[in-house]
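User: Can you walk me through this model? I'd like to begin with the pocket.

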Amino acid sequence: MVVRLRLSRLGCKNRPFFRVMAADSRSPRDGKHIEVLGYFNPLPGQDGGKRMGLKFDRIKYWLSVGAQASDPVQRLLFRSGLLPPPPMVAMGRKGGERDTRPVDPMTGRYVDAEKTPAISENKPKEEDNAEDKSP
């Protein structure tokens, strides 16, 4: 029996609400579960944030005994600081080579390490301009 940590959908039409469940991988999405581990409300509240409540000690237990988190639950656990970021590799064209530039998991944009040294390049230019004005 493989235990998976996954979302179970509650709520009504156009107003989803999810529970984080520990369930057998063969059971249906909203079917029999082993334990309720938390909730996730994707609709923003009055403050504009999404609501999430997790039982960290129980999630750590299930992960330690070999439970596998589904992709949406893995993203939730990353945002809560419980798991490392999931591996993200951007694809080029279909069948083409993979782009190996690192991707920021929160925004999905490429991380550019080349922009930080640009500050040190500006200083010599100012010195060159000062030399040109003195003669």
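User: Which element supplies the largest share of the lining of the largest pocket?

Analyst: Helix 2 does, with four residues of the lining. Helices here are DSSP runs of H or I with at least four residues, strands are E runs of at least two, and both are numbered from the N terminus. This is a predicted model, where local features need pLDDT of at least 70 and side-chain atom pairs count only at 80 or more, while totals for chains, interfaces and linings use all residues. Residues are numbered from 1 along each chain as its sequence is written, and side-chain values use heavy atoms, with hydrogens and water left out.

User: Which residues line the largest pocket?

Analyst: The lining consists of Leu7, Phe40, Lys50, Met52, Pro72, Arg75, Leu76 and Arg79. A pocket is an open set of points on a 1 Å grid over the protein atoms alone, where a 1.4 Å probe fits and protein lies on both sides within 12 Å along at least five of seven lines; lining residues have an atom within 4 Å of a point.

User: OK, zooming out. What pattern does the chain follow along the sequence?

Analyst: It reads β-β-β-β-α-β-α-α, with five strands and three helices in the chain. Of its 135 residues, 24% count as buried, where buried is under 20% relative accessible area, exposed is over 50%, and partly exposed falls in between (1.4 Å probe, protein chains only).

User: What order do the strands have in the sheet?

Analyst: The sheet is open, its five strands run 4-3-2-1-5, and the pairing is mixed. Strand 4 (51-54) and strand 5 (68-69) are at the edges with a single partner strand each, so one side of each has no neighbour in the sheet. Helix 1 (residues 56-64) packs on the sheet, touching strand 1 (3-12), strand 2, strand 3 and strand 4, and its direction makes about 120° with that of strand 3. Helix 2 (residues 71-79) also packs on the sheet, touching strand 1, strand 2, strand 3, strand 4 and strand 5, at about 90° to the direction of strand 1. Contact means heavy atoms within 4.5 Å; the angles run from 0 to 180 degrees between N-to-C directions, with axes as lines fitted to C-alpha atoms, for helices over the stretch in contact.

User: Which residues of helix 2 are buried?

Analyst: Val73, Leu76, Leu77 and Phe78. The buried residues of helix 2 pack against helix 1 as well as strand 1, strand 2, strand 3, strand 4 and strand 5. Asp71, also in helix 2, is exposed, with a relative accessible area of 53%. Just after the helix, Gly81 takes a positive phi of about 90°.

User: Back to the strands. How many bridges join strand 1 and strand 2?

Analyst: Ten, in the antiparallel sense; two strands pair if DSSP finds at least two bridges between them. One of the facing pairs puts Arg4 opposite Ala23 in strand 2. The two strands form a hairpin with two residues between them. Asn14 in that loop has a phi near 65°, positive in a residue other than glycine.

User: Is Asn14 buried or exposed?

Analyst: Exposed, at 67% relative accessible area.

User: And what does strand 2 pair with over five bridges?

Analyst: Strand 2 (residues 15-24) pairs with strand 3 (residues 35-41), again antiparallel. Val20 has Gly38 as its bridge partner, and Phe18 stands opposite Phe40. Strand 2 is mostly covered, with seven of its ten residues buried.
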